[in-house]
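The sequence and the model are shown first for reference.

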Amino acid sequence: MKFFGHEHNWQQLIHEAQNQSLAQAYLFYGPSGIGKQLVARTFVAYSFCEKIQNPQDTVSLFGDTEPKSQLPCGTCAACLKVSSNQHPDFFFLDGENETVKIDHVRSLQKRISMAPLEAKAKIVVINNINEMTTQAGNALLKTLEEPPANTYFILVASQLFSVLPTIRSRCRKLHFNPPPFETTLEWLKTQVEADSIGLKHVLEIAEGSPGYALKLYSDELNAFLDDCKTLTQGKASFTHIKQKVDEWVKADYDPADGLQFLKKNFFTKMVSSGDTNFMQKIELIEKTQKDMKRNVNKALALENLFLGLSS
C-alpha cells in the first residue's frame with residue numbers, strides 16, 4: 001500500500017494521529033484518479049497494522065507513543081483484511097459505480113453502532129461521496145453530528161462544492177493535487193508497456209491523473225484510436241465507417257474514454273496550430289457524447305459522428 005505525490009497530506013494525517021488530534025471526519029477532495037482513495041485506505045491499514053500496533057515494536061497509533069513506521073506493512077493479517085475489505089472495523093462505501101443511497105447509509109449506521117471487534121477504533125471510508133443522494137447525505141449528516149464512540153470518517157470527493165455544505169462543515173478538509181507530472185510518468189512506465197500511444201501524451205490527456213491515465217491506456221483504446229485515425233484521415237466511405245462501428249458494437253466496446261481522448265487530442269491540435277476548424281470536430285464529439293448519455297442508438301450516433309469527422 002504505497003502512493004506518491006501526496007506526502008504532505010500523509011504526514012499531516014500521521015502527525016495528527018500521533019498527537020491524538022485526529023478529526024472525527026475528514027473530506028479528501030481533488031481531481032479523480034489521483035490517489036485520494038488509496039491514501040484513505042493506506043491510512044486505515046496504518047491504523048490497524050499489527051506491526052505498528054504491536055507493543056514489542058511500538059504502541060498503538062491511538063496511544064501516546066509515536067509509532068516507528070511511516071507506512072503499514074501490507075503483509076500482516078490486519079493489512080490484508082483492509083485490502084480485501086474484510087476487516088470488521090473497516091467500513092467502505094463506494095460511490096464509484098453505484099450511487100450511495102439512504103439504505104446504504106442506514107445499513108452503515110447499524111454496523112458502526114457496535115463496539116470495535118479487533119481494533120481500538122472503527123474507520124469509515126466513503127468513496128466518491130459527491131454521488132450520494134440528498135436523502136443519504138442528510139442521514140449521514142446525523143451520524144457525523146453524533147458519531148459513535150471511537151469512530152472516524154474519511155469522505156472522498158472529486159469536487160468540494162458537490163458535497164452538501166452541511167457535511168463539508170463537519171469535516172476537516174484535505175485538498176489533493178495531481179502528483180508531479182514527471183513522477184507520474186515514471187510510475188506509469190512501471191505499470192504498462194508503451195506501444196502505439198505515447199505515455200506522455202496519455203498523461204497529458206488525463207490532465208496528470210495517474211488513475212485516469214492507467215484506465216485510458218489499454219489495448220482496446222489503442223485499437224479504437226487506430227481506427228479513428230484511419231476514419232478521420234481523408235474521406236472515409238460510409239461502408240468503411242459502418243464496418244468499423246459494427247465491429248465496436250459487436251465487441252461491446254464502450255467508446256466513452258476513446259471519444260474523450262479524441263476530443264482532447266483535437267483541442268490540443270487546435271491550440272498548437274491555431275486552426276479553429278478543429279472546433280467543429282470537437283462540437284461533433286460533444287454532441288455524440290450527449291446523445292450516447294441519453295441512450296440513443298450507439299451505432300447510429302457513431303456512424304453520424306465519423307461521417308462528420310471525415311467530411
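**Notes on the predicted model**

1. Helices (H or I, at least four residues) and strands (E, at least two) are DSSP runs numbered from the N terminus. This is a predicted model, in which local features need pLDDT of at least 70 and side-chain atom pairs count only at pLDDT 80 or more, while totals for chains, interfaces and linings use all residues. Residues are numbered from 1 along each chain as its sequence is written, and side-chain values use heavy atoms, with hydrogens and water left out.

2. The 14 residues of H11 should span 20 Å at 1.5 Å a residue, and the end C-alpha atoms are 20 Å apart, which agrees; the expected span is 1.5 Å times one less than the number of residues. After H11 comes Gly234, with a positive phi near 85°.

3. How do H11 and H13 cross? The axes of H11 (residues 219–232) and H13 (residues 256–273) come within 10 Å and cross at roughly 50°. Axes are lines fitted to C-alpha atoms, for helices over the stretch in contact, and angles run from 0 to 180 degrees between N-to-C directions. H11 and H13 are therefore oblique to each other; angles under 35 degrees count as roughly parallel, over 145 as roughly antiparallel, 65 to 115 as roughly perpendicular and the rest as oblique. The crossing is right-handed, meaning that the near helix is turned clockwise from the far one by less than a right angle.

4. On the H11 side, the contact is made by Leu221, Phe224, Leu225 and Cys228, and on the H13 side by Gly258, Leu259, Phe261 and Leu262. By class, this contact has seven nonpolar, one polar and no charged residues. Here Ala, Val, Leu, Ile, Met, Phe, Trp, Tyr, Cys and Pro count as nonpolar, Asp, Glu, Lys and Arg as charged, and the others, Gly among them, as polar.

5. Asn265 also lies in helix H13. Is Asn265 buried or exposed? At 19% relative accessibility, Asn265 counts as buried. Apart from neighbours within four places in sequence, Asn265 is in contact with His201 and Ile205.

6. Glu207 sits in the loop between helix H9 (199–205) and helix H10 (210–216). With 60% relative accessibility, Glu207 counts as exposed. Although not a glycine, Glu207 has a positive phi of about 55°. Its contacts, leaving aside neighbours within four places in sequence, are with Pro178 and Lys264. Glu207 and Pro31 are 176 residues apart in sequence, yet 9.2 Å apart in space, C-alpha to C-alpha.

7. Asn150, in the loop between helix H6 (134–145) and strand S4 (151–157), is another residue other than glycine with a positive phi, near 55°. At 44% relative accessibility, Asn150 counts as partly exposed.

8. In helix H1, the buried residues are Asn9, Trp10, Leu13, Ile14, Glu16, Ala17 and Gln18. The elements covering them include strand S1 (25–29), helix H2 (36–48) and strand S5 (172–175). Just after H1, Gln20 takes a positive phi of about 55°.

Notes:
Contact means heavy atoms within 4.5 Å. Buried means under 20% relative accessible area, exposed over 50%, partly exposed in between (1.4 Å probe, protein chains only).
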